[in-house]
Amino acid sequence: EIIDIVAGGRFSESRTSYVQSSAFSQRFFTQQYFLEIDWNITPTTRLGSTLDYDIYSGESFGARQTLAIWQVECSQYILENQRGEISLQVFDLLNQNQGINRSTQLTFVEEERIVSLGRYLLLGFTYSLSKFGLKHKSGAFKFETNR
């Protein structure tokens, strides 16, 4: 309940083979790794971080390319019964946010790069309207739940 760590990866290969002319055959690889850490510093304060690391390789596209996207978030519950939450998130700390799509067709090889919004901050406030789990002080009605 204090710290949660999740890690994983994925490896994929794309291969196109041509019988009549092997010179047009293509092969490229994509490796994707991720690491997520959530740390409940106190019952009302949380710190989280996510790192996505992608590796693209293949002879047709030149040198091996890497892409790292790192996100950090800090949040604090506030107000009575922790109904409000203030959070600060930093997206793309390394300022590398771009997408890479690769494909091969009969007569061409294509690599598409999508440049997205770079590093940015997001300050957020969330308020819970739900009364689920709240203890009412009225003598006539009392609602409790255990999670």
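Modeller: Begin with confidence. The mean pLDDT of the protein is 79, and 77% of its residues reach 70 or more. The model is predicted.

Biologist: Which elements have the lowest and the highest mean pLDDT?

Modeller: Strand β6, residues 98-104, has the lowest, at 68. Strand β5, residues 84-91, has the highest, at 92.

Biologist: Where does pLDDT stay under 50?

Modeller: Over residues 136-147. For that stretch the model has 13 contacts beyond four places in sequence.

Biologist: How many helices and strands does the protein have?

Modeller: Zero helices and eight strands. Along the sequence the pattern reads β-β-β-β-β-β-β-β.

Biologist: What share of the protein counts as buried?

Modeller: Of the 147 residues, 22%. The protein exposes about 10,800 Å², and carbon and sulfur atoms supply 54% of that area.

Biologist: And how far along the chain do contacts reach?

Modeller: Take contacts between residues at least 6 apart in sequence. Of these, 47% join residues at least 24 apart.

Biologist: Why do Arg46 and Asp38 count as a salt bridge?

Modeller: The cut-off is 4 Å between a side-chain nitrogen of Lys or Arg and a carboxyl oxygen of Asp or Glu. For Arg46 and Asp38 the N to O distance is 2.8 Å. That is within 4 Å, so the pair qualifies.

Biologist: What makes Arg46 and Glu73 a salt bridge?

Modeller: Their N to O distance is 3.1 Å. The limit is 4 Å, so this pair qualifies too. The pair links distant parts of the chain. Arg46 is in strand β3, residues 45-58, and Glu73 is in strand β4, residues 65-78. They are 27 residues apart.

Biologist: Which residues do the shared partners join into one network?

Modeller: Asp38, Arg46 and Glu73. By this rule the count comes to two salt bridges.

Biologist: Why is Glu73 called buried?

Modeller: Its relative accessibility is 15%. Buried means under 20%, so Glu73 counts as buried.

Biologist: And why is Asp38 called partly exposed?

Modeller: Asp38 has 31% relative accessibility.

Biologist: What does Asp92 touch?

Modeller: Beyond four places in sequence, Asp92 touches Ala68, Ile69, Trp70, Asn97, Gly118 and Arg119.

Biologist: Why does Asp92 have no salt bridge?

Modeller: The nearest side chain of opposite charge, Arg119, is 6.5 Å away.

Biologist: Which residues form the nonpolar patch on the surface?

Modeller: Ile2, Ile3, Ile5, Leu35, Trp39, Ile41, Leu51, Trp70 and Leu94. Together they have about 810 Å² of accessible area. The elements that give two or more residues are β1 (3-16) and β2 (26-42). β2 gives the most, with three residues.

Biologist: Why is Ile2 called exposed?

Modeller: Exposed means over 50% relative accessible area. Ile2 has 55%, so Ile2 counts as exposed. Its place is in the segment before β1.

Biologist: What makes Thr30 buried?

Modeller: Its relative accessible area is 14%. That is under 20%, so Thr30 is buried. Thr30 lies in strand β2. Not counting residues up to four places away, Thr30 touches Arg10, Phe11, Ser12, Ile55 and Tyr56. The C-alpha atoms of Thr30 and Thr66 are separated by 9.8 Å, and the two are 36 residues apart along the chain.

Biologist: How do you know that Ser87 is buried?

Modeller: Ser87 has a relative accessible area of 11%. The rule is under 20%, so Ser87 is buried. Ser87 lies in strand β5. Leaving aside neighbours within four places in sequence, Ser87 is in contact with Glu73, Cys74, Ser75, Leu122, Leu123 and Gly124.

Technical notes. Residues are numbered from 1 along each chain as its sequence is written. This is a predicted model: local features need pLDDT of at least 70, side-chain atom pairs count only at pLDDT 80 or more; totals for chains, interfaces and linings use all residues. Side-chain values use heavy atoms; hydrogens and water are left out. Buried means under 20% relative accessible area, exposed over 50%, partly exposed in between (1.4 Å probe, protein chains only). Helices (H or I, at least four residues) and strands (E, at least two) are DSSP runs, numbered from the N terminus. pLDDT is the predictor's confidence in each residue, from 0 to 100. Contact means heavy atoms within 4.5 Å. Patches are made of residues with over 30% relative accessible area and no salt bridge: like charges are joined within 9 Å, nonpolar side chains (Val, Leu, Ile, Met, Phe, Trp, Tyr) within 5 Å. Accessible areas come from the Shrake-Rupley method with a 1.4 Å probe; for residues, only the protein chains shown count as cover. Lys and Arg count as positive and Asp and Glu as negative; His and the chain ends are not counted.
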